[in-house]
Amino acid sequence: MATPAEEAIPAVVLIDPEGTVIGWTRAAEELSGYRAQDILDRPATTLLPQADREDAVRRLAAREHWSGVAEIRHRDGHRVVVRVEGSRLATAPGKDVWLVSATPVVADLSGGTGTLLESLISRFPVAMAMWDLDLRCVWLNAEAERLSDVFPHYRLGRSLTEHIPGVDTRAAKEAMRRVLSDGEPMIDREARWTSADGREERTLSTSLFRLEGADDRPLGVCSLALDISHSRARDRLALLREASIRIGTTLDVEKTAQELADLAVPVLADYVTVDLAESVVPGGEPLQRLASTEESIPVFRRAGVASVHGGTPESLWPLGQAVFVPPLSPFTKVLVSGRSHFEPVLDTSPGTWLDQDPDRARVIHATGMHSLIIVPLQARGDILGVAVFVRHDNAARFMRDDLILAEELAARAALSLDNARRYTRERTAALALQRDLLPRNLRGGDAVEVASRYLPSGVGVGVGGDWFDVIPLPGARVALVVGDVTGHGINAAATMGRLRTAVRTLAYLGLPPDELLANLDDLVVRLAEEDAGADGLPLGATGATCLYAVYDPATRRCTMATAGHPPPALLHPGGGVTYPCLPSGTPIGLGLSSFKSIDLELDPGTVIALYTDGLIETREADLEAGMERLAAALAQGASPLESLCSSVISTIVGDTQAEDDIALLLARTRATG
């Protein structure tokens, strides 16, 4: 059954040479709202918007035939976009008249009176709509109608200026008005829509161009919208964009490998493994010590695996385990050549490498694996392992663009893996050096009972140069030291060892705390000058903070000075925690030597807590707040001292990874008899 638009009859009007309406049809009345008695013998310009009236008759008189899109004014004031055709009719010398027919665009483009091309446009699989100068929808095809639930303004007669709750049309209005103003088409403008519950998202690629009449005046805007929510190319671009965010979020080799596997499933592959060389994955038994089988040898360790099926049933080896491959398999060829293996149709026939790998062959047949890509993980000239992409549930085989995408993902992951590997190597070496340089058996003698803890920072921050020490001195005295070298890494750990040795040497000279720090400051400045590069700048960490205290049990006096280090916390025997007010002093390595000592008298059983700023400072809290937390933890007063040390660390750090290295030294003064 024909729609009203398909049944529309063109409005026919006769106009004499003076521009007066002399003929009027019922269709013209329905189109314009004017009855015959209201329009006959009146100027035809009555039907035109005010801006078009001035030279309309002159334009008509100059041509034999005229056709195009125009705009007329309905009697009630609104505008109607129409397709118009005009022809000159010769009736008598000097009495030629114009026969003009007009069809609303909404009717003409529906196919009722339009051409075959227009009928095809009506059914075009791209949402098309026409909007008048008031941004009111005057025509749309079937594809646009189907988007009305998502974009409610895709409805005849509805204007973008109408307010609809939950729909923001500001960007669309600005774009259309700009096109109307300058006439420049706007191509591939992306518009997004999200349902109220957030479960559905749609993305449209929209293009706009101006509709113009025969006189080149704008009549409205045509919009073309293509739903690209599930575009293959768009999904791949989104995957690469996400890869830059999700791969390499930490300096952890295994996590980076798993991030690559998780990202590629299911957008690119149904099953992905990331297998790394032994030099990349820290820990575990060396692969060289593992026995080979008759068919394969241990080459990799499984570092990442993901599948569209829960539990990754395709994987023959769990994470961390050695992965065995046949010597002539594509895995080893990729490892040796550094080139990808691309097998869009996996050959499982007899005589292939799978004959030497029955376990893989069994899994391949059981799961229906049919397409394979193996990509080397290369960074800075080294091959770190391979990433394997497989399809089984997805019936489509891999194409060349899939290989390109897999190689791009692998390249990004390889760089992150190499960064993680280098960081892990340096961190492991720095930790080993630091552990060798820190004291193992602290003894406070008859002066103090001591307990200590050292916690290296979590993954992502290099090992620091925190240290502590307890140094026996003549006369039953004891020196307590805590320090923190600027920077992180092996240089910081090595500098820490030099400073600790220097402090011990100066302590044996019997220097008071302020003089000891001054000598240490001078020593560090001289060492920095000796170690400077060609440009005169130091090659490694040189600065440090330090707190040095000497306790004499005979007098119960504790003399201390600080070089830019936080003050000690004092837990008094009767309870309560205080922080002595120390002259701050400048950090070691500046060459200023501005240090002062203070003397405190401590009751027997007083606990002196020396620490580094990693214990009290976090991203969320400053030093003052951290010192308050430390005081509260010490006030619990657990005994013995080892228990108090553990309690403080547990209370402040808990199960979270430390953001910076933490050194804590507790010393409880003994009673003298």
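A: Let's begin at Arg556, which sits in the loop between strand E20 (544–552) and strand E21 (557–563); here helices (H or I, at least four residues) and strands (E, at least two) are DSSP runs, numbered from the N terminus. Please keep in mind that this is a predicted model, in which local features need pLDDT of at least 70, side-chain atom pairs count only at pLDDT 80 or more, and totals for chains, interfaces and linings use all residues. Residues are numbered from 1 along each chain as its sequence is written, and side-chain values use heavy atoms, with hydrogens and water left out.

With a relative accessible area of 28%, Arg556 is partly exposed (buried means under 20% relative accessible area, exposed over 50%, and partly exposed in between, with a 1.4 Å probe and protein chains only).

You will find Ala476 in the loop between strand E18 (464–472) and strand E19 (478–488), where it is partly exposed because its relative accessible area is 43%.

Staying with the backbone, there is also a cis peptide bond to visit, joining Val265 and Pro266, with omega about 5°. Pro266 belongs to the loop between helix H9 (253–264) and strand E11 (271–276).

Now let's turn to the side chains, starting with the rings. Searching the whole structure gives two aromatic pairs (rings of Phe, Tyr and Trp, the last by its six-membered ring, pair if their centres lie within 6.5 Å; planes under 30 degrees apart count as stacked, over 60 as edge-to-face and the rest as tilted). One of these brings together Trp131 and Tyr154: the ring centres are 5.9 Å apart and the planes meet at 45°, so this pair is tilted. Since Trp131 comes from strand E6 (residues 127–132) and Tyr154 from the loop between helix H6 (142–145) and helix H7 (170–182), the pair ties together parts that are 23 residues apart in sequence. Trp131 is buried at a relative accessible area of 3%, and Tyr154 counts as buried too, at 9%.

In the other pair, Phe331 and Trp353 have ring centres 5.7 Å apart and planes at 85°, so the arrangement is edge-to-face. Phe331 lies in helix H10 (residues 330–337), while Trp353 is in the loop between strand E14 (341–343) and helix H11 (358–367), so this contact ties together parts that are 22 residues apart in sequence. Phe331 is buried, with a relative accessible area of 7%, and Trp353 is buried as well, with 13%.

Val105 and Val84 are 21 residues apart in sequence, and their C-alpha atoms are 9.5 Å apart in space.

Charges come next. Over the whole structure, a search finds 20 salt bridges, each being a side-chain nitrogen of Lys or Arg within 4 Å of a carboxyl oxygen of Asp or Glu. Among them is the one between Glu242 and Arg246, at 2.7 Å from N to O. These two residues are four apart in helix H8 (residues 232–246), which means about one helical turn separates them. Glu242 is partly exposed, with a relative accessible area of 33%, and Arg246 also counts as partly exposed, at 33%.

Glu143 and Arg146 form another bridge, their closest N and O atoms being 2.6 Å apart. Here Glu143 counts as partly exposed at 25% relative accessibility, whereas Arg146 counts as exposed at 57%. In the bridge between Glu162 and Arg158, the closest N and O atoms are 3.6 Å apart. Glu162 counts as partly exposed at 32% relative accessibility, and Arg158 is partly exposed with a relative accessible area of 23%.

To finish the tour, look for the place where salt bridges join up: Arg380, Asp382, Asp418, Arg421 and Arg422 are linked in a network.
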